[in-house]
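Here is a friendly walk through one protein model and its ligand. Keep the structure open beside you as you read.

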Amino acid sequence: MLLRRVVAGNIHIGQFRYDQWGEAMKKVPSAVTPVIAVDRKLAKPLHRQIYDSFRALIVGGNLGAGQQLPSTRALATELKISRIPVLTAYAQLLAEGYFEARAGAGTYVSNSLPEQPAANGRRATRSIGVYSGARPVGRRAMLLPRYERPPWLRGLGAFSVSQPAYDKFPFQTWSRLVMRHSRSPHVSALQYGGPLGSEQLRDAICTYLRTARAVRCDPSQVMIVTGSQQALEITTRVLLDPGSPAWLEEPGYWLARQVLVVAGCRLVPVPVDNEGIDVAAGIKRCRKARAAYVAPSHQYPLGATMSASRRLQLLDWAQNSGSWVIEDDYDSEYRYASMPIASLQGLDNNSRVIYIGTFSKTLFPSLRLGYAVIPPDLVGRFAAMRHVMDIGPPYFYQAVLTDFMNEGHFARHIRRMRLLYAERRTALVESLRKEFGSAVEILGAEAGMHLAIILPKGFRDQEIAARAAHQKLWLWPLSPAYLGDNTRQGFILGFGNTDAEEMPRAVSQLKRIVLAGKALPTP
Ligand SMILES: Cc1ncc(COP(=O)(O)O)c(C=O)c1O
């Protein structure tokens, strides 16, 4: 069914005819109707009420210079009054310089107003910056510092982490599929969907995960989420309580850590080595942890792949202590030196693993689509929790992605990107070796879209990163990935979105900034 006209509140989507001031009728885009109230019972004439409302909105800063206004016809219809008072009010506002008419394009708030709006901002409103009375904030909100982008997250360029090769994404194909689904969607696509997401996409993901990641799953266990982040949030809400101890890899993924912090969990940092999380150390620190968060395919940020024996130890521990394992499989599609390895979930005989994956690395992060594979007995609980969070995932890009996967574009794109990233990774490793020799240690270059370097003693990663940001080089320091004080200084270097030919120049800039006049220590 095709929806011809959608009216939501007083926001009109679509076009209407504009015939102001008796000009020849022309089609112009419609404007959002401002909050104008008229009351026939008042002694004040209607045209004056309209005039006063517009003037107050302009002077108060709610309507900004250059903003389009509704046509007189549209406003009269909206207010359920005749057009005459609206025409009178518009004529006066035009005459006084609050409005300006643009031939064939409608009426706008004037760019040169007769009086200054209340604040400088185009959209200042009365309430901005005016606080009075008690303003209590929940304890959970106080568990996190206020959001502020650190310097290294303020730009995009060589070494930015979590950036796929945007210019290599098949946008032509993608836009064809977007068109297919948005041109005349079936009404079922416009209704509320279920909390698990589209059945077709869950089928496609299930097929992919069984094949490429040896995940044991059925579509009924798959939940479509808005990225791994939401999956971590739902998992935490369902499985952990305030005060529940949870193992976290040390160093580890800061956004997983923050989810657990907000949930009030007790964080138990467990060191990682070149076999992944040290399960024996975790057991020594807290055998009875409710859950362990791990990234076994490519530990973040140091890049180890969890060994087979550690995987078995971790699953044994989870079974014996009645704990859960949260497996973050965020970039497992890209392995360079060996074949992709199977998921931890695929080894689990006791349904103790919640498997989480994302399209942020394989497609692009702003898509905000990912998935969780949930043990069958927990699906109803996860679905209920998700339902109260956002009801379910948005429909359109799920439909687009389903076709993208089912028509083979996804597999083709991954194959192409694997070759491209392998080339970029090699260029980065070679340039690092050339510039730094053995003075920096390189870790985790066998997989994914980033590697880590460890700096020699005496170099402070956050100081260097702040300096680099001034030169528009966005370096992610390693030390904030540690929860405890026993940190290593280094950088997480992304290579997904930097051409191999660019790498030598970028690495020599990196060296200049890191050294800042100092000499590299001789081995
Ligand atoms: C360890 C880890 N997990 C997951 C993600 C992806 O998160 P999302 O799917 O929410 O974009 C990232 C992105 O950088 C990551 O580093």
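How far is an oxygen atom of the ligand from a polar backbone atom of Gln229? The distance is 3.1 Å. Bear in mind that this is a predicted model, so every distance here is computed from predicted atoms.

**Around the ligand**

Let's stay with the ligand for a moment. It is surrounded by 13 residues, and the closest are Ser162, Ser228, Asp328, Thr358 and Ser360.

| Residue | Part of the residue | Distance to a ligand oxygen atom |
|---|---|---|
| Gln229 | polar backbone atom | 3.1 Å |
| Ser360 | N or O atom in the side chain | 2.6 Å |
| Arg368 | N or O atom in the side chain | 2.8 Å |

Is Ser162 buried or partly exposed? Ser162 counts as partly exposed because its relative accessibility is 24%, and the buried class ends under 20%.

**The protein as a whole**

Stepping back, the protein has 523 residues, and buried residues make up 50% of them. Its secondary structure comes to 16 helices and 18 strands. Along the principal axes, the C-alpha trace spans about 85 × 60 × 50 Å. Of the contacts with a separation of 6 or more, 72% are between residues 24 or more positions apart.

In soluble globular proteins, nonpolar side chains tend to be buried together. Here, the largest nonpolar core holds 94 residues, and Phe159 and Trp247 touch the most other members. Helix H14 (residues 409–436) supplies the largest share of this core, with nine residues. Apart from it lies another core, of 26 residues, which includes Met223, Ala256, Cys265 and Ile354.

Phe159 also turns up in the surroundings of Thr498. Beyond its neighbours within four places in sequence, Thr498 is in contact with Gly157, Ala158, Phe159, Arg424 and Met503. Thr498 lies in the loop between E18 and helix H16 (503–515). Why does Thr498 count as buried? Its relative accessibility is 5%, and buried means under 20%.

Back in helix H14, we find Val429. With a relative accessible area of 24%, Val429 is partly exposed. Leaving out neighbours within four places in sequence, its contacts are Ile442, Ala445 and Leu451.

**A four-stranded sheet**

Strands of a sheet pair through backbone hydrogen bonds, either parallel or antiparallel. Which pairing is found in the open sheet of four strands with the order E15-E16-E18-E17? The pairing is antiparallel. Strand E15 (441–443) and strand E17 (476–477) are the edge strands, each pairing on one side only. Ile442, one of the contacts of Val429, falls within the range of E15.

Trp476 has Ile492 in E18 as its bridge partner. Helix H15 (residues 461–470) lies across E17 and E18, and runs at about 45 degrees to E18.

**Backbone details to look for**

Most residues other than glycine have a negative phi, and most peptide bonds are trans. Where does this model depart from that pattern? Ala214 is in the loop between helix H7 (199–213) and strand E7 (222–225), and counts as partly exposed at 36% relative accessibility.

Cis peptide bonds are the other feature to check. One joins Glu250 and Pro251, with omega about 0 degrees. Pro251 has its place in the loop between strand E8 (245–250) and helix H9 (254–262). The peptide bond from Tyr300 to Pro301 is cis too, with omega near 10 degrees. You can find Pro301 in the loop between strand E11 (291–294) and helix H11 (308–321).

How values were computed: Residues are numbered from 1 along each chain as its sequence is written. This is a predicted model: local features need pLDDT of at least 70, side-chain atom pairs count only at pLDDT 80 or more; totals for chains, interfaces and linings use all residues. Side-chain values use heavy atoms; hydrogens and water are left out. Two strands pair if DSSP finds at least two bridges between them. Helices (H or I, at least four residues) and strands (E, at least two) are DSSP runs, numbered from the N terminus. Contact means heavy atoms within 4.5 Å. Axes are lines fitted to C-alpha atoms, for helices over the stretch in contact, and angles run from 0 to 180 degrees between N-to-C directions. A nonpolar core is a set of buried Ala, Val, Leu, Ile, Met, Phe, Trp, Tyr and Cys residues joined through side-chain atoms within 4.5 Å. Buried means under 20% relative accessible area, exposed over 50%, partly exposed in between (1.4 Å probe, protein chains only). A residue is near a molecule or strand if one of its heavy atoms lies within 4 Å of it. A polar contact is a pair of N or O atoms within 3.5 Å; within protein, one must be able to donate a hydrogen and the other to accept it, and residues adjacent in sequence count only if both atoms are side-chain atoms.
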